[in-house]
Amino acid sequence: MNTALFDCKATIIMHGIMFLRKTNRVGCRVENIGFLSDTTQKFPVERGEFNKLNNGHKGFFRQLLGDYRVITDNHDLVKYNNDWFGYVKGCSQIVLKPKTTEEVSQILSFCNENRLAICLQGGNTDVVGASVPVFDEIVVSTELMNEIIDLDENSGVIICQAGCVLENIDKKLEGSGLMVPLDLGAKGSCHIGGNVATNAGGLRLLRYGNLHGNVLGLEVVKANGEVIDCLSTLKKDNTGFHLKHLFIGSEGTLGFITKVSLQCPPRARSINVAFLGLQNFDKVLKTFRKAKEDLCEILSAFEVIDSTSMEFAKETVGITSPIGDYPYYLLIETSGSNPEHDADKLYKFLDLVLVKHLALNGTLATEPAKVNAIWAIREKIPEGFKHSSVLCYDFSLPLSKYFDLVEDMRNHMGSLAKKVFGFGHLGDGNLHLQIEVNEMSKEVRDHVEPNVFERVKQMNGSISAEHGMGFLKANYLSFANPPSKVEMMRNLKSMLDPKGILNPYKVFPWTYS
Amino acid sequence: MARVLVGVKRVIDYAVKIRIKPDKKGVLTDGVKHSMNPFDEIAVEEAVRMKEKKIASEIIAVSCGPAQAQDVIRTALAMGVDKGIHVDIPAKEFETLQPLHVSKMLAKIAQDEKVDIVILGKQAIDDDCNQTAQMTAAVLDWPQATNASKIEKGDKDVTVTREIDGGLEVIKCKLPVVISADLRLNEPRYATLPNIMKAKKKPIKKVTPKDLGVDTAARIEIVSVEEPPVRKGGTIIPDVDTLVAKLKEGGFVP
Ligand SMILES: Cc1cc2nc3c(=O)[nH]c(=O)nc-3n(C[C@H](O)[C@H](O)[C@H](O)COP(=O)(O)OP(=O)(O)OC[C@H]3O[C@@H](n4cnc5c(N)ncnc54)[C@H](O)[C@@H]3O)c2cc1C
């Protein structure tokens, strides 16, 4: 990427659009305009040199999958062309729904030979525009690849097809006293394949680690249709390179994940949640260190919310703090196997936190209904975004500077912003920064970006903690990474997908039209 | 100022899935998370608000049940109740304990403690009886105001707004009185940590049914407890468009 700054600006404008209250959901005018999607009208992106879908291609797909699993009706395509939040919108004319690895392999090899671009789609809950086509890419959906293949209760390993919905896997595991090691707001819709492809983080990463640790094996189909079998179920397997890691977080650009083998921890029998009010961020950090020391192996989530976030939640979704108003709030969860043991530890910790004046006030939920109610305070904040105009960011930051960015941006925005607020997975150094404005305008957006990214970089943070680069952040790839790393990424891409048919315009910077 | 008694029953938490014992004589309770009956929480909240408004002088929470019933008394103490009374009922006996038993015990305590107002939940979410408040009033021969959604205390009486089918009824009762709390009476507070800690030091008196002169011998025999019939997988779809969309999603039609 040569003109980093220019690229940044273009992406920024997009970013703003995604959070406007009403998004344009008018049907795709595929027939007359050809490749012009909503996305391409907003972004000056150039279509790659791919062939256009013709009747011969459609015939092949129908023969392979039958009529029912090839979607071409304009009305039915809407769902696959639009993303969850309505930021981006493609104009694909066809959706394929394979059921088996073999079918995926045949689709990919055919598309590769015919130079047809593909958009890989799971639950379509991606937030950076990675899961919908930019132009007319063929959507290959894992919707019908939803079989749980095997569950080994002794080793706690489940093997399933990539299209299994995360929550369904968790329900299946419940009967065996196990659970999925990741949990996120979209769990009722997202697919395990999509989670792996985005290296999704979520609420319990602090406890169970990320997917690089929990995914034991993958089966992946390469762009040319070749099936790579890395579907190990072993915790230890040093028989060569650990290739699965290449695909975890690859956002559909290196291969099509068809099967996943996942390590599943025992389901916690005792879950408690404390909700604390604190005076300042220094005390938040001290409480975090103390929690790690004292709660140790039962600590399973450590979320922070600032007072402005709580005000925003009150105004938009009617959520209030159950303990009165404080500058910072913490949600601390413990999960373990023995209620008495956990309660004992937690009470001692909370007692100390109060005695040492780390927290000013708090409450504790030890019963499931109350635990859910406390979690709802944290999980409902993002719902407010739908009721206002908000610019949202997902950063990793060194803990010591975690809230400096919020303060910096508040000063930087001045009267341009209604509210600047932060909340997030503090335990993982992951901050969700929001800027609420009266009205989204080019002036506002240009004032925020790329400035905010430069600040994050100066703080040695990451401009995308858990959401990925997708289409919306693709042009920042070189901004966020040193040239040597980008070069190696490009080499891997051209080795695994030489014609670039898999998820074009995603992760790697796209060309301007 | 009034002395107030609240009843707090320990029930299986409403977010927990209920499982039947293999012998079909009851539901599994071992290792299952329990909490205070939600309607009792509302009763406690109302009493605490009365105390905050200086309408009540002292609040006593009573729970009849096995040893763990003290947990919900602690919760009530943390919310602002002054003292607790635990009527110790062995777990086995508790299975056949009925509203009549409980109301006799509550009535006795109400008299002993010289209370003016008894507030109970309108029903417990485990057996759904909706009888205890009414029976307690009968045993005491006091007026009753059930399903309260608003309580205003006067000098020698209370005005209670009751939720009835299709509307509200406002009644006035002389003190002493028994009131049962409905869902919309208030929104219970979260006990704060300092109060949770303090509650550990508040007194809980333990008594037995015998101390209260109540015979808790079983008046019923549990013949069988059954799961509700399992609904066959399937959903109700609002319109034809959704049906078609679902069929297409599943790849059943082109
Ligand atoms: C309400 C909500 C809450 C969220 N919370 C979190 C959170 O806490 N933490 C977090 O990390 N993320 C979160 N996300 C975003 C997160 O990235 C997605 O929810 C999820 O991981 C994506 O799964 P999906 O099946 O929807 O994938 P999709 O959105 O369909 O696709 C995501 C990416 O994976 C690719 N892909 C999909 N399937 C495959 C496959 N089989 N093989 C190869 N590539 C594939 C797609 O091409 C795309 O690049 C949230 C999203 C929402 C809407």
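These notes cover the interface of chain A and chain B in a predicted model, and then one residue of chain B, Glu45(B).

1. Extent of the interface. On the chain A side, 31 residues are in contact with 25 residues of chain B. The two chains bury about 2,200 Å² between them, and carbon and sulfur atoms account for 62% of that area.

2. Two salt bridges are counted between chain A and chain B. One of them joins Lys370(A) to Glu41(B), with 2.8 Å between the closest N and O atoms.

3. Make-up of the chain A side. Five elements of chain A give two or more residues each to the side that touches chain B: the helices α5 (74-81), α14 (339-355) and α15 (368-379), and the strands β10 (270-278) and β13 (359-365). The most comes from α15(A), which gives six residues. Sorted by class, this side of chain A has 14 nonpolar, ten charged and seven polar residues.

4. Glu45(B). This residue is found in helix α1 of chain B, residues 38-52. Glu45(B) counts as buried because its relative accessibility is 2%, against a cut-off of under 20%. A polar atom of the Glu45(B) side chain lies 2.9 Å from the backbone nitrogen of Arg189(B). With neighbours within four places in sequence left aside, the contacts of Glu45(B) are Met79(B), Asn186(B), Glu187(B), Pro188(B) and Arg189(B).

Methods. Residues numbered from 1 in each chain as written. Chains lettered and ligands numbered in written order. Predicted model: local features only at pLDDT ≥ 70, side-chain atom pairs only at ≥ 80, totals over all residues. Heavy atoms only, no water. Contact = heavy atoms within 4.5 Å. Buried area = accessible area lost by both parts, 1.4 Å probe. Salt bridge = Lys/Arg side-chain N within 4 Å of Asp/Glu carboxyl O. Helix = DSSP H or I, 4+ residues; strand = E, 2+ residues; numbered from the N terminus. Nonpolar A, V, L, I, M, F, W, Y, C, P; charged D, E, K, R; others polar. Buried < 20%, exposed > 50% of the residue type's maximum accessible area, 1.4 Å probe, protein only. Polar contact = N/O pair within 3.5 Å; in protein donor to acceptor, adjacent residues only side chain to side chain.
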